[in-house]
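Here is a short briefing on a protein structure.

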Amino acid sequence: MSFPLLTATAALPALGAVATAAVPAARRTAAKWLALLVSLATLALAVVVLVRFDPDGARYQLTESHAWIKAFGVRYELGVDGIAVALIALTALLIPFIVLAGWHDADPLETGSRRWRPTQGFFALILAVEAMVIISFEATDVFVFYIFFEAMLIPMYFLIGGFGDRAHEHGEEAAATQRSYAAVKFLLYNLVGGLIMLAAVIGLYVVAGNFSLAEIAQARANGTLHMATSTERWLFLGFFFAFAVKAPLWPLHTWLPNAMQESTAPVAVLITAVVDKVGTFAMLRFCLQLFPEASKWATPVILVLAVISIVYGALLAVGQRDIKRLVAYASISHFGFIVLGIFAMTSQGQSGATLYMVNHGISTAALMLVAGFLISRRGSRLIADYGGVQKVAPVLAGTFLIGGLATLSLPGLAPFVSEFLVLVGTFTRYPAIGVVATFGIVLAALYTLVLYQRTMTGPVKPEVSAMPDLRARELVVVAPLIVLLIFLGVYPKPVTDIVNPAVKQTMSDVQKKDPKPEVEAAK
Amino acid sequence: MEKLIALLIAAPLLGAAVLLVGGRRLDRVGHWIGTLLSTASFVIGLVLFAGLLGRNAEHRTLIQHLWTWVPVESFQADVTFRLDQLSMTFVLLITGVGSLIHLYSVGYMAHDERRRRFFGYLNLFLAAMLLLVLADNYLLLYVGWEGVGLASYLLIGFWQHKPSAATAAKKAFLVNRVGDVGLSIAIMLLFTTFGTFAFGPVLDHAGSASEGKLTAIALMLLLAACGKSAQVPLQSWLGDAMEGPTPVSALIHAATMVTAGVYLIVRSAAVFNAAPDAQLVVTVVGAVTLLFGAIVGCAKDDIKKALAGSTMSQIGYMVLAAGLGPVGYVFAIMHLVTHGFFKAGLFLGAGSVMHGMNDEVDMRKYGGLRTYMPVTFVTFGLGYLAIIGFPGLSGFFSKDKIIEAAFAKGGTEGWILGGAALLGAAITAFYMTRVMLMTFFGEERWRSRPTRSPEAPSAEPAAEHQGEHAEPHPHESPKVMTIPMIVLAVGSVFGGAFFSVGDRFLHWLEPVTGHSEGDSPLSAATVTGATMVCLVAGVAIAWAQYGRKPVPAVAPRGSLLTRAARRDLYQDDLNHVVLVRGGEHLTRSLVYVDHTLVDGVVNGTAAGFGGLSGRLRRLQNGFARSYAVSMFGGAALLVAATLLMRAV
């Protein structure tokens, strides 16, 4: 038997989480370094996955399969296609930056307490989330996927509820209340989504008799497994609902601004750049593959919801007074683009959506982490409390601007490529929806540049006049992200090469072909 | 030889990277690094130009393929450059004028502590602008298109500690983004129509697509052009853009970037030729803008804003010419080049005046400066003669051709467009004479100012903290600034004649753009005569108003039209009422709706379904155990339900 690479990639951060949690209370710094090393080692494993993966090979590669719960036909089945590989790489790439950015976020305020070890807990929870996210991307058994999709809520709940920004305008008491409200809201939304999905998972089992994605899809394709139209639709809705909560899609989005606002910036990145991607990923992998007909049936409604998300999220971002809430609503707008690309059912749309997931992860990380550095300096999340930062901290302002430009999809930076692919992929099939979505680019420029103008330009506010510029650790976090944004902006081919064959498969699952042009002018 | 094309872009891009990442240790040499790399790009341009001249007219298109950029099934975008006569013309204009303005900025920005960064941005601009004109497909052009927008944003807001500069920068970017929507949709339409958006196949097959599609594509390209080139209805950002340092106004907001829209239309000639309805719209936009800009230029007391109005107006001429089709393409580009010379020269002259006048921009506080800054006076004066179309100078040749072509459109349209162009020529003569008289002639109004007008516009920050009340001591600028002015003045004087003798420019550009002689109802001599009459009338009226009588230090109330023109024909008031205020209401109410309605309904529904609100309250007390219980409950439910299903 060959080395179980996929299991190892998920198990390493899981074991790392346990080890980090076990570090004695006094050795906080050791716990941080351990977490960083584990996350880097996981990244190394992810790179091995990336290298071993053959884009033109079988659909699922590096597969592992073991019987698990024989009574229900549950098998521990793992395998990756190009889409999963790209997202595993993104996850493994971002976690070290999240760890490094959150280096001091969980330092105890006073060193009195011995039993409570917040630092160890914080980093252990981050690694636990990483492990579960990675295995969710790998699972090709619906049941295994479901378990980790749900289990991920537990560490996330504690990360949101247990750790927040240091300073708070209404004092620590109020902050704790708001944090736990945000954590509970996050939990309940996702739990409800999960319960509905659970019903659909059981329903699927009843119909199909097993949980294997490949087997069910195969059986559906060659007609041995017949599903009544209404059954398929109900099951699809059950799955889709859970993913739409996670993604999040309008109108199920309201947990996200609360969660991102109350958690520390690295955890906010963990939510929007990593965990939420499981939702959009699952739409591609499970909804389209298991329920192709129902997916096509629901497409018009989903596209409309996606466009509403794009415009609505952007408009609300414009109206925010809190930096983190602004980024949260911007993310809602971006998730609208991802869902739009998936359900446009064109090669450009789906490749674009996958690329979008990767690029959005990197760009949001860059913007949000710099915002976190800014907030930690002034102790306020309110935009109005800043002004003229550019003058005192030019490097911080410059990196913030680049993160913002990535968020508004400036051509030359990575998000432009994916956003344009999604738009063009949508436009070829649904011109009107494509045009409306395109106006999102004006709104994106508006909320980004207004944020930059209000915080970074103008006369220097007295409260920020002594603000230090980015420190070495912070530069180490931001600089690689910026380099990646530029690199993938001018040369996205390494990612599209991996993703395209997988998208081709998905397109054939739903039996859709790209629309043909009016004139064949291309050579 | 095509291997050199990428170097054109690489040189200034390298400069931008080095200067912006290099940090403070480059502060002392940064401006020279920037100037050197800009000049290097110009020299490479000259080498390539010589290479093109050595070839037959039909073989002057060079293609350089670098790498595959975005490959997704039939959607194929490459990083490929195309150097032909059209892009070559732009390359020389951009790098030539660009290098001169780099040199000028060495002196102009000498006392700015962030000069290194300024040169980094200028280099970034050059790289993006060159990418724009060298791209071989529309998507790559888009990268340059927004790249110049970014550079423009950074440079307008260069003095970003001033709220007005930061606001102007943001406004420019946003208005341009509206235009970018047009470019985005145009590319998508090209893709659905032709299956590609590379210049070669699209322009070769343009004729075989349906006219409806082509009209839509052309109109979307026009929208993009309106944004970048400040044409009505997306003109409102250009006046505010004068908040940037003056060299920026000269390079980006006069000579090069704002002409990108004209480039886009001329480059897409094959599409426009097959969409006559769209062409008509292009000419109307051009004609309206040329009058709009000219009228605004008449009323401004801020020398840079007067010149900005003029820029808008002159680009209106180019757009009008481009809308006329093969009759006008060559002349649109010819006017673009000559305008690049004289408008850049005029702006540099204005900067030189401001440099000697404590950064004052209000022309009512100038006067009689010709003796104090003779070089500036002479170079500015030559630029002035060129722009109003004084016989023999650049503007005379290029503008006259456009007016002729407008009449040649034929029919009522021809008379209207030609009439507008003629009227524009008269107004141009008026406002430029006004600038000239108010600045260099008349009383020395900067001496002993008894009252300051309460809201004196000041574009440069130095005015805020230095010499507020001190009387300025006008002086000539240093050589590093005057030499570029002299070079540009030479271009303004001889450029038009050089291009026109033996129809040199026409023969050069025709293989790319095509050309046809129009069928004008008026003879060339008649048009020239009429233009001269307009010119003399404009100058005479200005002389009567500003030359014979003293210029009041505080602007008189003025007629209804003057007051409207001073407020840019109420463009911002309109935007404010419709977009800003409406938008604020919309976002504010949406924030409310999201907080109460959407959140409330979803929460409420959830609560209604599962009695979750009770659990919510308990969980809010922080009992993590109850979560564990609910998870356990869920798992138990799962097992039970599955067993049940199996049993059934």
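The lining of the largest cavity divides into seven nonpolar residues, four polar ones and no charged ones. The model is predicted. Chain A and chain B bury about 7100 Å² between them. Over all chains, the structure holds 28 salt bridges.

**The largest cavity**

- The structure holds 12 cavities of 30 Å³ or more.
- The largest cavity has a volume of about 90 Å³.
- Residues of both chains line the largest cavity.
- From chain A come Leu401(A), Tyr452(A), Gln453(A) and Thr457(A).
- From chain B come Tyr121(B), Tyr153(B), Leu154(B), Gly157(B), Gln160(B), Ala166(B) and Ala169(B).
- Three helices each supply at least two residues of this lining: α19 (440–456) of chain A, and α5 (138–156) and α6 (163–194) of chain B.

**The interface of chain B and chain A**

- The contact takes 84 residues from chain A and 74 residues from chain B.
- Interface size is often given as the accessible area lost when the parts come together.
- Here the buried area is about 7100 Å², and carbon and sulfur atoms give 72% of that area.
- The rule finds 17 residue pairs in polar contact across the interface, with both residues at pLDDT 80 or more.
- On the side of chain B that touches chain A, the elements giving two or more residues are β1 (62–72), α5, α6, α7 (199–205), α24 (571–610), α25 (612–620) and α26 (624–647) of chain B.
- Helix α6(B) gives the largest share of that side, 19 residues.
- The residues of that side divide into 42 nonpolar, 19 polar and 13 charged.

**Salt bridges**

- Side chains of opposite charge can pair when their charged atoms come close.
- Across the interface of chain B and chain A, the rule finds two salt bridges.
- Glu113(B) and Lys391(A) meet through their side chains in a salt bridge, at 3.6 Å from N to O.
- Within chain A, the side chains of Glu262(A) and Arg381(A) also meet in a salt bridge, at 3.9 Å from N to O.
- That pair links distant parts of the chain, 119 residues apart.
- Glu262(A) sits in helix α10 (residues 255–262) of chain A.
- Arg381(A) sits in the loop between α14 (347–378) and α15 (389–392) of chain A.

Technical notes: Residues are numbered from 1 along each chain as its sequence is written. Chains are lettered from A and ligands numbered from 1 in the order in which they are written. This is a predicted model: local features need pLDDT of at least 70, side-chain atom pairs count only at pLDDT 80 or more; totals for chains, interfaces and linings use all residues. Side-chain values use heavy atoms; hydrogens and water are left out. On a 1 Å grid over the protein atoms alone, a cavity is a set of points where a 1.4 Å probe fits but cannot get out, and a pocket is an open set with protein on both sides within 12 Å along at least five of seven lines; lining residues have an atom within 4 Å of a point. Grid points are joined across faces, edges and corners, and a volume is the space filled by probe spheres set on the points. Helices (H or I, at least four residues) and strands (E, at least two) are DSSP runs, numbered from the N terminus. Ala, Val, Leu, Ile, Met, Phe, Trp, Tyr, Cys and Pro count as nonpolar, Asp, Glu, Lys and Arg as charged, and the others, Gly among them, as polar. Contact means heavy atoms within 4.5 Å. Buried area is the accessible area (1.4 Å probe) that two parts lose on being put together, summed over both. A salt bridge is a side-chain nitrogen of Lys or Arg within 4 Å of a carboxyl oxygen of Asp or Glu. A polar contact is a pair of N or O atoms within 3.5 Å; within protein, one must be able to donate a hydrogen and the other to accept it, and residues adjacent in sequence count only if both atoms are side-chain atoms.
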